[in-house]
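Trainee: Could you walk me through how to read domains and helix packing in a model like this one?
Mentor: Gladly, let us look at it together.

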Amino acid sequence: MAKRKSVDRQDAYAKITGKAKYVNDLFFPGMLYVQTVRIPVAHARIKKIDGTEALQLNGVVGVFTAQDVPGINQRPKDRPVLAAHETKYAGDGVAIVVAETKEQAILGAKLVRIDFEELPYVMNPEDALKEGAPILHGETNFAASHQAIKGNVEAGFVEADLIIEREYTTQRAMHSAIEPDGAIAIPEANGILLYCPGKGPFNIKRAVASHCGLHENQVRVIQPALGGVFGGKDSDINVIGARVTMAAMLTNRPCKMIWSREEVLEEGTKRHPFKLHYKVGAKRDGKITAMEINGLADVGAYLTKSAATVWRATVEATGPYNIENIFTRIEGAFTNNTVSDAVRGFGSPQVDFASESLMNELAKELGLDPLKIRRINGFTEGSITATGQKLECVNLMACLDKLEETFPVNKKPSDVPVGKVRGRGISCIFRGEAMGAGFKEKDAAAVNFNVEKDGTIVVYSGITEQGQGGSNVVLQIISETMGVNIENIKMSPLDTAYVIDSGATVGSRGTITSGNAALVAANDAKMRIATVLAEMWKVNPEMIIFLDNRVFIEDQTHCLSFKDAVNLCYTVIPGVYGHGWWSLPPVWWDFDSNSGETYASFNYGACGAEVEIDLVSGKVEVTEVVAIHDVGRIINEEEAKAQIAGGVSMALGLALSETIATKNGRLVTTNFDKYLLQTIMDSPNITAIPLEAQPANNPLGVKGVSESSTATVSPAVFNAIENALGIRLRNLPADLESVLAAIETSERLGYLKGGGIHE
Amino acid sequence: MSNYFFQPKYLKQALEYKRDYEVANLLAGGTDLVISMRSRADQKHEIIDLSKITELKTIELDGDAICIGSMVTFTELIDSEMLFDKVPFLSKAAQSVGAPQIRNRGTIGGNICNASPAADGIPPLVCLGAQVNLQSVDENNEIHNRTLPIEAFILNKGKTAIKNYEILTHILFNVPSETATMGFDKIGRRNALAISRLNGACMIKMEQQIVQQIRFVLGAATSKPERFSGVEDYLIGKELTVLILKEAGRLASDYVLEKTGRRSSSNYKLPVITSFTEELIKKTLKAEVKVNE
């Protein structure tokens, strides 16, 4: 297949010129502002909420609590719209104040008097599972667990020449979308119109309807431009959507709530911190004989999607390796921390950090090259995963070949400045695509379009444009298939009133599902047009070619512009349209045997990172990252590279600087001054390589890339730090303090004599 | 929020407002003030915005004396070729502040009056022995000036010797000797928008491998950026060998421990102060000596 052209994005112009409208840009006549009231402790019993004083404030229209929630406030263990009797973390909302202006709403929220009793709290999942710990839900703080068992792990360890055990931890981190979460609800004749950014408009509609006692067909969600998602704008948006909807229902006026950045930190969901204990056995030649993994995830105050996150982590915990004997058990526990939920990678970056650090530790113990140990054990075509799934379209070795070519890991870093040391590290991963067997529904998406009489194709797709270029993928596939310029194809705004539910834009499933659905739709329309023309031209429909905005047969005896062809069709058939549904091949999971076909396909990736460490401060500078990702087939190379580079830069924050800290049950990290994202000044040279090896098992041959690109970087960086200092760090992130401690140990052990391990 | 927002065009006007509204906040860029106003939204104070007063925005060289207006932004400090030529470590310190947006708004006077121990603009000025000029106007419209060494002006974390009715108008210092070399360095958690974990400035005059004069300042180590006279006294008259530098580092670290006591951050800070001190002095020695034109 010829290499595709990279096509500019249709949404780019509006975004870079400031013309795109985000939810906070929208105003409606009579609109009120909603502010959440919280209790500033980790765990509390609510005794009384008194809004009298707030209601006396000029402009305050209403003060509402859990009692006013019109529908189901809370499902067991899940987040309430407003906490009724007990708050389980300092971010829990207990009341909302609705006022004429935002300032009045904020001031009003301060005047709501809450009588509460502070309860004991637990911030550490290990403590949470101990006898006597304060319980958040039901009888125990146990939230979820999954296992993957293969072979006989005891026997596998007996076979091993070497066994090592290591423990790794990952931190609480967040999405940091540039746009904070928010929503506007407008009361309509028979229901609510909700404007809100979110990755699953139909999920929002369902959640809000349930919370507010409405039928699903009484909630309509329109999606404004989205200012970044990264796995968020999910559970948080459901809660915000429900709060503004109840406010709109109770006041009968449009109601708006936009979280401040502090509120995003305080109430918003975060990435699950994991503690992972690995035991691995291997033969002298490097072949792994057994792996035992026990993990514990901090679920935070409510369940949300933690069971699915833990499940994915369990499936992928061994890394992309052929191991006969595996025991993996990962558990999640409730704590009084902020709620853990989906963040780009959904459990993968945590286990990938651990398993890829472990591979280097094992290689070091065995005296093997880190690349070689991966080649010895890595998945190849037909390999069987921890859950007993036979793999197809396995491109791990192609990724490793590319890594060896573009990032020779043993290359001695040159020109190391005085007072610094450099090191190089690698990693590789496999990652399940799309929803997987953790979810029951078919993993499907629809793309529809209508061809108008001026030749314009108007497209409807349920996959959200959240910055990733997902809409353009759909347009591009239609453009290629129909032979129509992309300028003549327009994506309609996402509105649940007329777009088909295509599931949420999560799990790196956007391109696989909607790209293939677009192909089905385009072929559908093509056949419809071709049938009409074939009849007139007295040819076989298959002979008709769609190219360069023309419709013709090869010898050019018949040729029409696309527009004329469409208009001709309108004289013969009632409509010119394309309709396409597509779903991933079926998957299944058996919870009794802990095995199954977990994901319809997997993508593979490899990463190389070089670091330069300042021996005075412990500051780690990542100087180079090579990120290789098996994308099956590339739809838009520039977009794919940008997606990978974006994932790398997000992952560098995870590796080096981002962390949410708490003290006495309250957040210390309350804004971006303390939550340290990487800036452009910290950015390394990133070489993003979307790799085309074997295509995937779908008509377009595509695989997802978004989340994988965040999963490979932190282990590569940590392996590079080890390479530079000779000391292993096992806890994310590699901050100044931990790296300096490693430098001190390294100096004490004599590794750094003469200014660097390489000299 | 505030009751009144004043935006005078002349210093005299500003001084009058400050005289009449002593608790008024001076807006000198706003990169600290606006943030603290947001977190203490219930406090109502007048604001006097100094950004339109051109008298406070000059950088002047008069003979051997340099005078910098308090409302000169970090970007303007960086862009001044004269400053880069005469006091390159001040340019470097200004360059290390925040990010372009903050450097475009933040001013040297604001940086000094905010008196953060981690302020990046202050250590070079302390090294230079800079003086700050404080002006006020009395009921009879008479202007008063007083000048204080910057080290005496900054009392403690967030505290200065400024009076409620005064405005810091400019910073004065003499051009260092042409044989002096200068250095500034900083440790932050990232390469932009980083509050210094530690910073420092150093100025050295050597003669035949022997230290004639040295001024050595660390910031974010104690409650304010200050000269480490123990280090300076130790090094004067010495040749800067590896051992001597190590001892200087140890002295710096001991001094900080003595001043601050042991803290949770000490495990990191104390060893870093030792090696940072050594490295900063080394880097300062290697800095180019300006060639006479």
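Mentor: We will take the domains, then a pair of packed helices, then the contact between the chains. This is a predicted model, in which local features need pLDDT of at least 70 and side-chain atom pairs count only at pLDDT 80 or more, while totals for chains, interfaces and linings use all residues. Residues are numbered from 1 along each chain as its sequence is written, and chains are lettered from A and ligands numbered from 1 in the order in which they are written.

Trainee: Into which domains is chain A divided?
Mentor: Domain bounds come from an automatic or database domain assignment. For chain A that gives domain 1 (13-119 + 181-258), domain 2 (274-436 + 592-755) and domain 3 (444-583).

Trainee: How many residues does the contact take from domain 1 and domain 3 of chain A?
Mentor: Two residues are in contact if their C-beta atoms, placed from the backbone, lie within 7 Å. The C-alpha centres of domain 1 and domain 3 of chain A are 39 Å apart, and their contact takes 13 residues from domain 1 and 13 residues from domain 3. On the domain 1 side, the elements giving two or more residues are α6 (201-211) and β11 (219-222) of chain A. Such helices (H or I, at least four residues) and strands (E, at least two) are DSSP runs, numbered from the N terminus. Of these elements, α6(A) gives the most, with 4 residues.

Trainee: And chain B, which domains does it have?
Mentor: Chain B has domain 1 (1-50) and domain 2 (180-286), with C-alpha centres 36 Å apart.

Trainee: At what angle do helices α11 and α12 of chain B pack?
Mentor: Two packed helices are described by the angle between their axes and the distance between the axes. Axes are lines fitted to C-alpha atoms, for helices over the stretch in contact, and angles run from 0 to 180 degrees between N-to-C directions. Here α11 (residues 242-260) and α12 (residues 266-286) of chain B pack at about 135 degrees, with axes 8 Å apart. They are therefore oblique to each other; angles under 35 degrees count as roughly parallel, over 145 as roughly antiparallel, 65 to 115 as roughly perpendicular and the rest as oblique.

Trainee: Which residues make that contact?
Mentor: Among them are Leu245(B), Ala248(B) and Val256(B) of α11(B), and Leu270(B), Ile273(B) and Ile281(B) of α12(B).

Trainee: Which element gives the most to the side of chain B that touches chain A?
Mentor: The contact takes 13 residues from chain B and 14 residues from chain A. On the chain B side, α12(B) gives the most, with 6 residues.
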